[in-house]
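Colleague: I have a structure open and would like to go through it with you. Could you take my questions one at a time?

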Amino acid sequence: MAGMVACVDKGMTRTVGVSNFNQTQMLRAYSALAREHIPLASNQVKYSLLDRTVEKNGLLARCKELGIRLIAYSPLEMGMLTGKYTLENPPTGTRGASYGNLLKKIGSLLKLMTAIGQDHGGKSNSQVALNWTICKGTLPIPGAKNAEQAHQNAGALGWKLTDEEVAKLDEASDAVTKS
């Protein structure tokens with residue numbers, strides 16, 4: 001963090017963020033920066049309906065408590081939450097190897113996401129998944145391979161899931177991710 005402090009002092013950056021820091025690492029960074037009166041702005045970590053580790057282990061809550069923005073990468077789980085992939089149309093390559101077995105378990109979650117999206121004027125599964133991360137107090141950073149996907153992602157803004165819908169998605173997520 002001394003290097004980050006030097007960057008702030010020299011005007012090279014205004015804020016400091018970290019990536020993939022667990023709670024202990026984040027608190028050490030937060031404290032080192034706080035001694036120099038520099039806030040820790042963000043922690044970028046993997047977070048989605050299919051990977052809620054940072055929510056379950058308390059990292060998300062600690063970020064909120066300390067005013068650190070949690071930036072959620074892979075909020076669409078490499079397309080698994082978009083509805084693009086099915087048992088009949090599984091992902092190929094390493095993505096298929098990593099996520100292939102998950103397709104057997106996520107059908108009910110995807111169906112719920114579709115129903116919720118319809119209740120909000122035809123929002124897509126991607127938009128529901130991204131809005132869910134926003135409702136959790138995070139800043140999602142989804143990937144986009146083209147302008148259409150970027151436009152689709154932007155449709156997650158300007159509306160909000162209800163607390164009841166978030167709770168239903170949490171429950172469906174828990175059913176999928178149980179070990």
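Modeller: Let me begin with helix α9, where Glu165, Val166, Leu169, Asp170, Ala172, Ser173 and Val176 are buried. Please bear in mind that this is a predicted model.

Colleague: What covers the buried residues of α9?

Modeller: The cover includes α3 (53-56), α6 (107-119) and α7 (125-135).

Colleague: How far apart are the end C-alpha atoms of α9?

Modeller: They are 21 Å apart.

Colleague: Which residues have the most contacts inside the largest nonpolar core?

Modeller: Those are Leu109, Met113 and Leu169, in a core of 43 residues. Leu169 is also one of the buried residues of α9. As general background, nonpolar side chains tend to be buried together in soluble globular proteins.

Colleague: And Met113: what is it in contact with, leaving aside neighbours within four places in sequence?

Modeller: Met113 is in contact with Leu49, Leu81, Asn125, Val128, Ala129 and Leu169.

Colleague: How many of the lining residues are nonpolar, polar and charged?

Modeller: By class, the lining of the largest pocket has 6 nonpolar, 10 polar and 5 charged residues.

Colleague: One more topic, backbone angles. What is phi of His37, and where does that residue lie?

Modeller: Phi of His37 is near 60°, a positive value in a residue other than glycine. His37 is placed in the loop between α2 (23-34) and β2 (40-46).

Colleague: Is His37 buried or exposed?

Modeller: His37 has a relative accessible area of 75%, so it counts as exposed.

Colleague: What about Ser74?

Modeller: Ser74 is not a glycine either, yet its phi is positive, at about 55°. Ser74 lies in the loop between β3 (69-73) and α5 (93-99).

Colleague: Why does Ser74 count as buried?

Modeller: Its relative accessibility is 19%, and buried means under 20%.

How values were computed
Residues are numbered from 1 along each chain as its sequence is written. This is a predicted model: local features need pLDDT of at least 70, side-chain atom pairs count only at pLDDT 80 or more; totals for chains, interfaces and linings use all residues. Side-chain values use heavy atoms; hydrogens and water are left out. Helices (H or I, at least four residues) and strands (E, at least two) are DSSP runs, numbered from the N terminus. The expected span of a helix is 1.5 Å times one less than its number of residues. Buried means under 20% relative accessible area, exposed over 50%, partly exposed in between (1.4 Å probe, protein chains only). Contact means heavy atoms within 4.5 Å. A nonpolar core is a set of buried Ala, Val, Leu, Ile, Met, Phe, Trp, Tyr and Cys residues joined through side-chain atoms within 4.5 Å. Ala, Val, Leu, Ile, Met, Phe, Trp, Tyr, Cys and Pro count as nonpolar, Asp, Glu, Lys and Arg as charged, and the others, Gly among them, as polar.
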